[in-house]
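Please look over this report on a two-chain model. It starts with a contact between the chains and then turns to one of them.

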Amino acid sequence: MKIVSGHFYGDNGKMKEYHYTGPVEHRFSPYSFNGGTVLAVAGEDFAIVASDTRLSEGYSIHSRDSPKCYKLTNTTVIGCSGFHGDCLTLTKIIDARLKMYKHSNNKSMTSGAIAAMLSTILYGRRFFPYYVYNIIGGLDEEGKGAVYSFDPVGSYQRDTYKAGGSASAMLQPLLDNQIGFKNMEGVQHLPLNQEKAVQLVKDVFISAAERDVYTGDALRICIVTKEGIKEETVPLRKD
Amino acid sequence: MALQDVSGFQDTPIHTSLSSLSTSSSPPTRRPFPLSHGTTTLAFVFQGGVIAAADTRASCSGLVACPSAQKILPIHSHLLVTTSGSGADCMLWERILAREIRLYQLRHGRRLSITGSAKLLSHMLHPFKGTDVCVAATLCGWDVEELFYVCSDGTRLQGELFSVGSGSPYAYGVLDGEVRWSLNEEEAISLAREAVYRATHRDAYSGNCVDLFHITAQGYCRRDREDLREEYHRKRERKDAGSHATSLVLTLGVGKRRSVEREKIQRGGVKWHGVE
């Protein structure tokens, strides 16, 4: 923002006069955008949470190995993208609250309970929000896959699949088509099995890395089943 | 909401010299992301009860954040709230309202009336007037044959017909022509569907499916969610076929009536009079 204004070049090509327009406040923004994409898919008895591992800011890449999936319990994984500082603090707060619940109630929080709790944590900062797009993936009480997607101030709902983060606008329509069978005529609605889901997630992230500058480097996939959480890392474009 | 944009209402409070006199420490931080807005919800009263309908699109400055949001939230068996405005604000404030109504019921042994619930919500939102909390809710219930519209700017209105949201002008156009006390149930339901359909057709921020609820003395009853894309194709076919039948008769649509809440309604009927 300029304190001094004026046209730099006049009609005859000579530089014109400057004049002072008044004081301009340069505000410090407490937020920053660190990029990254997160995706979650829920199946019949599994859930997949995947994220890329690039941490960027502006034109720089701070790290190529900063995954955005965090394990909360044996049956729940959260993916957080947006401003990395708020992601770290938010996951610390969630971990603390999980421990408190475990100590008072002698059991782990279920995925649905974690989702409801996160909604109130986020809304508690309604007027200075956590700049984080969260997606929780896990198994519900019946063992079925569940995905809960959030906006930065705590509005949430349960979905079958959701993409969040910088490439979400590119990935969500692709998921709508491939998993939701939307906008397709005369197609059998086959339920997704685990191998196909993992392959789809890999393909989808390869596409995202092609077209989104903030997504790339590597892909971390967390597969949640009743046996536990399995992690897999797949390389992506590094440019 | 489109109406907000047209009337120049600012989403974040404007930092004028006057606010330096206020007690808040520093000007509010600019949010780097948009929040969800834009909807069509409507509710009206007729001889057979109350109908509440809403679309299901949650949009976020040009992107459809969720095509299957739920904008009509049941608080208890005889009270529904339709939400409009910012998605998170509506969801959380209605949760708070449900908690307060439940606490009232436990403390006083009787259910809080719709009038009382509307006043409660309005007074709870009052401290946030001037901030960018944006909640515009219509409370629909059975104990009085009226609806209450409560807004976070302090409005609390009684009425028999309300439509809220960016698509509301289009819905009003359909409803003002046709709503009468003497409608029967099928006509009322198809009128509500038609109004939401027309609003979603013209308003960019409304769309996807329509949710319909019907409240009677026995409680509320929910119809299956219907995708309005099918409705568009049906209307196209009818237009091409050159049919002249009235729209009300034709839009007795293919949605199934599902009174899944019947058991709850029976129990709700008992709860309505008694003490827990």
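This is a predicted model: local features need pLDDT of at least 70, side-chain atom pairs count only at pLDDT 80 or more; totals for chains, interfaces and linings use all residues.

Between chain A and chain B, the count of salt bridges is 2. Polar contacts join 6 residue pairs across the two chains, with both residues of each pair at pLDDT 80 or more.

Helix or strand, which element gives the most? It is α2(A), with 4 residues. By residue class, the chain A side divides into 14 nonpolar, 6 polar and 5 charged.

## Extent of the interface

The interface brings 25 residues of chain A into contact with 30 residues of chain B. The size of an interface is often given as the accessible area lost when the parts come together. For chain A and chain B, that buried area is about 2000 Å². Carbon and sulfur atoms give 58% of it.

Which residues of chain A lose the most area to chain B? They are A:Tyr123, A:Arg126 and A:Phe127. Together they account for 28% of what the chain A side buries.

## Chain B as a whole

Chain B has 276 residues, and 47% of them are buried. Its secondary structure comes to 8 helices and 14 strands. The accessible surface of chain B is about 13500 Å². Carbon and sulfur atoms hold 54% of that surface.

Take the contacts in chain B with a separation of 6 or more: 65% of them link residues 24 or more positions apart.

B:Ala171 sits in helix α4 of chain B, which spans residues 168-178. Is this residue buried or exposed? Its relative accessible area is 0%, so B:Ala171 counts as buried; the cut-off is under 20%.

Leaving out residues up to four places away in sequence, B:Ala171 touches B:Thr40, B:Leu42, B:Ser163, B:Ala195 and B:Ala199. B:Ala199 is 28 residues from B:Ala171 along the chain. Even so, 5.4 Å separates their C-alpha atoms.

Technical notes. Residues are numbered from 1 along each chain as its sequence is written. Chains are lettered from A and ligands numbered from 1 in the order in which they are written. Side-chain values use heavy atoms; hydrogens and water are left out. Contact means heavy atoms within 4.5 Å. Buried area is the accessible area (1.4 Å probe) that two parts lose on being put together, summed over both. A salt bridge is a side-chain nitrogen of Lys or Arg within 4 Å of a carboxyl oxygen of Asp or Glu. A polar contact is a pair of N or O atoms within 3.5 Å; within protein, one must be able to donate a hydrogen and the other to accept it, and residues adjacent in sequence count only if both atoms are side-chain atoms. Helices (H or I, at least four residues) and strands (E, at least two) are DSSP runs, numbered from the N terminus. Ala, Val, Leu, Ile, Met, Phe, Trp, Tyr, Cys and Pro count as nonpolar, Asp, Glu, Lys and Arg as charged, and the others, Gly among them, as polar. Buried means under 20% relative accessible area, exposed over 50%, partly exposed in between (1.4 Å probe, protein chains only). Accessible areas come from the Shrake-Rupley method with a 1.4 Å probe; for residues, only the protein chains shown count as cover.
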